[in-house]
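Look over the model before reading on.

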Amino acid sequence: MASVDAQIRRLKARFDAVPVRAREAAQVSLQKSGNELADLMRTLAESSRDTGALIDSIEMTPGDMHTPPFSQPGGSTVVPSNAVMVTAGNEDVRYPHLVEHGTGEAAAKPFFWPAFRMLRNRIKNRTTRDIRKAVREEGNH
């Protein structure tokens, strides 16, 4: 009888480990994707380079961390677990939305949303693939 109990405990431990490994895989994948997205935004923002402050303000914030104050979109916030957030702007750079959408005196030079749209499917596919791989690997142990 102890052998059946031991098998059940091992099986339960394997099932319990799947969500942990999947979350870990998702976070690694999301951070990689977030960095890639921030890099593309910086590249696209080169067309609006004046001082470089806007480009330098673009950053990726991992889960459970605070985004920079005054960042776009939404200002400072805590990024949910198993997520990342790419933002532009900070306490010194409060104009990313004006560059992105333009003003009555300056033409729009989009960098934020075009980068997101370009990488959205790639990020989704990478994250899904990495989570599935982690679940598969856990099932093989």
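The lining of the largest pocket draws at least two residues each from helix H1 (2–45), strand S2 (84–87) and helix H4 (112–139). Helices (H or I, at least four residues) and strands (E, at least two) are DSSP runs, numbered from the N terminus. This is a predicted model: local features need pLDDT of at least 70, side-chain atom pairs count only at pLDDT 80 or more, and totals for chains, interfaces and linings use all residues. Residues are numbered from 1 along each chain as its sequence is written, and side-chain values use heavy atoms, with hydrogens and water left out.

**Largest pocket**
- The largest pocket holds about 220 Å³ of space.
- It is lined by 14 residues, and Leu37, Val84, Met85, Val86 and Phe116 are the closest to its centre.
- A pocket is an open set of points on a 1 Å grid over the protein atoms alone, where a 1.4 Å probe fits, with protein on both sides within 12 Å along at least five of seven lines; lining residues have an atom within 4 Å of a point.
- Grid points are joined across faces, edges and corners, and the volume is the space filled by probe spheres set on them.
- The lining has 11 nonpolar, 2 polar and 1 charged residues. Ala, Val, Leu, Ile, Met, Phe, Trp, Tyr, Cys and Pro count as nonpolar, Asp, Glu, Lys and Arg as charged, and the others, Gly among them, as polar.

**Aromatic rings**
- There are 3 aromatic pairs (ring centres of Phe, Tyr and Trp, its six-membered ring, within 6.5 Å; planes under 30 degrees apart are stacked, over 60 edge-to-face, the rest tilted).
- Phe111 and Phe112 pair edge-to-face, at 6.3 Å centre to centre and 85° between the planes. Both Phe111 and Phe112 are buried (under 20% relative accessible area; exposed is over 50%, partly exposed in between; 1.4 Å probe, protein chains only).
- Trp113 and Phe116 are also edge-to-face, because their planes meet at 85°, with centres 5.6 Å apart.
- Trp113 and Phe116 lie 3 residues apart in helix H4, so about one helical turn separates them.
- Trp113 is partly exposed at 35% relative accessibility; Phe116 is partly exposed at 29%.
- Ring pairs join Phe111, Phe112, Trp113 and Phe116 into a cluster.

**Charge over a ring**
- Arg94 places its charged end over the ring of Phe70, 3.6 Å from the ring centre (NZ of Lys or CZ of Arg within 6 Å of the centre and within 35 degrees of the ring normal).

**Thr61**
- Thr61 belongs to strand S1 (residues 59–62) and is buried at 3% relative accessibility.
- Leaving out residues up to four places away in sequence, Thr61 contacts His66, Thr67, Pro68, Val79, Val84 and Met85 (heavy atoms within 4.5 Å).
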